[in-house]
Amino acid sequence: MKNKTQENFTKIKTLIVEIYNISVVADYFCSNQNDIEELDNISPIIKTLRKKADNLNSIFIDCNTFDDFANF
């Protein structure tokens, strides 16, 4: 992060929420499409992505400002 400002922090927080939401949808899709054999190959990757996105999202949920995050 070049400038450690609240605006940049808010942009990053928004991106993290979007990534988390995408991972939830992808995980749900992979879990419920048993007839598509290729999804078996990527399901473990999607599950890992969702778990890591969930962890990151939970950190940022508690942080409303950059200062909150810096003191985490």
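Arg50 is partly exposed in this predicted model, with a relative accessible area of 28%, and its side chain meets that of Asp27 in a salt bridge whose N to O distance is 2.8 Å. Because Asp27 lies in helix α1 and Arg50 in helix α2, this pair ties together parts that are 23 residues apart in sequence. Asp27 also forms a salt bridge with Lys47, the closest N and O atoms being 3.3 Å apart, and here too helix α1 is tied to helix α2, across 20 residues of sequence. Asp27, Lys47 and Arg50 are thus linked in a network of salt bridges, in which Asp27 is buried at a relative accessible area of 10%, while Lys47, at 45%, counts as partly exposed.

Helix α1 itself runs over residues 6–32, and its 27 residues should span 39 Å at 1.5 Å a residue, which agrees with the 39 Å between its end C-alpha atoms. Its buried residues are Phe9, Ile16, Tyr20, Ser23, Asp27 and Cys30, and what covers them includes α2 (39–61) and α3 (66–70).

Lys11 is partly exposed at 47% relative accessibility, whereas Glu7, at 51%, counts as exposed.

Turning to the aromatic rings, a search of the whole structure finds 1 aromatic pair. It is formed by Phe9 and Phe60, which are stacked at 5.4 Å centre to centre with 20° between the planes. Phe9 belongs to helix α1 and Phe60 to helix α2, so that the pair links distant parts of the chain, 51 residues apart, and both Phe9 and Phe60 are buried.

How values were computed. Residues are numbered from 1 along each chain as its sequence is written. This is a predicted model: local features need pLDDT of at least 70, side-chain atom pairs count only at pLDDT 80 or more; totals for chains, interfaces and linings use all residues. Side-chain values use heavy atoms; hydrogens and water are left out. Helices (H or I, at least four residues) and strands (E, at least two) are DSSP runs, numbered from the N terminus. The expected span of a helix is 1.5 Å times one less than its number of residues. Buried means under 20% relative accessible area, exposed over 50%, partly exposed in between (1.4 Å probe, protein chains only). Contact means heavy atoms within 4.5 Å. Rings of Phe, Tyr and Trp (its six-membered ring) pair if their centres lie within 6.5 Å; planes under 30 degrees apart count as stacked, over 60 as edge-to-face and the rest as tilted. A salt bridge is a side-chain nitrogen of Lys or Arg within 4 Å of a carboxyl oxygen of Asp or Glu.
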